[in-house]
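Please look at the structure first.

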Amino acid sequence: AGKRPVVVFGPSGTGKSTLLKRLFAEHPQEFGFSVSNTTRDPRAGEVNGKDYHFLTREQFLEAVARKEFIEHAEFSGNMYGTTVRAVKDVADAGKTCILDIDVQGVKSVKDTDLGARFVFVAPPSEEELERRLRSRGTDNEASILKRLQVAKGELEYGNQPGSCDIRIVNDDVDSAYKTLSDFIFERADSS
Ligand SMILES: Nc1ncnc2c1ncn2[C@@H]1O[C@H](COP(=O)(O)OP(=O)(O)OP(=O)(O)O)[C@@H](O)[C@H]1O
């Protein structure tokens, strides 16, 4: 694989984590996730620069102002985010960085010099997406409805021509995985 980052996006419940877990399991040395930044306190055993880059709120906000972030958000009083630098660090370590981010993040990666490739993972249908979110059993009703609502925007964006380099319908997981790994390793397109 080249060292260009690969951005994977698509509605929640579409199977991104499932596919990426398999990719990491089959190729543990070739891929990496970027190290996130956070303003929360380190937990016991967490190493700065490895688990997270731990920043003060002031440092974090300065980096935001310098437009160093691809995406950032606040959860329960702490800020979290991914910087362009953190993605480049993965390539500098000789690995392909995989980014699993939302559409806002996708747009923002497109405004950087990262040279990323974009994979849109689509559900076979909106009904199947809802079924997967329910059967996953990780979300309450309100969260499922919220994810389905956000999904509409993600589907609309991902289906626009030019939004991604490849669109993978995650119907059968084995064939979706094969399409994904063929794309990532730049094997000849069989379609
Ligand atoms: N091809 C498939 N066929 C049937 N079920 C699938 C398939 N791929 C994934 N699933 C199931 O669908 C559910 C959602 O998958 P997963 O958690 O990987 O989605 P995700 O896109 O990573 O969601 P999120 O963005 O919320 O993390 C899981 O229960 C998973 O086992």
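The ligand is surrounded by 14 residues, the closest being S12, G15, S17, T18 and V173, where a residue is near a molecule if its C-beta atom, placed from the backbone, lies within 6 Å of it. This is a predicted model, in which local features need pLDDT of at least 70, side-chain atom pairs count only at pLDDT 80 or more, and totals for chains, interfaces and linings use all residues. Residues are numbered from 1 along each chain as its sequence is written.

At least two residues of the shell around the ligand come from each of helix 1 (16-26), helix 5 (126-136) and helix 7 (173-184); helices (H or I, at least four residues) and strands (E, at least two) are DSSP runs, numbered from the N terminus. By class, the shell holds two nonpolar, eight polar and four charged residues, with Asp, Glu, Lys and Arg counted as charged, Ala, Val, Leu, Ile, Met, Phe, Trp, Tyr, Cys and Pro as nonpolar, and the others, Gly among them, as polar.

Turning to the strands, strand 7 (residues 96-100) is mostly covered, with four of its five residues buried (20 or more other C-beta atoms within 10 Å of a residue's own, C-beta atoms being placed from the backbone).

Terms used. Buried ≥ 20, exposed ≤ 12 C-beta atoms within 10 Å, placed from the backbone.
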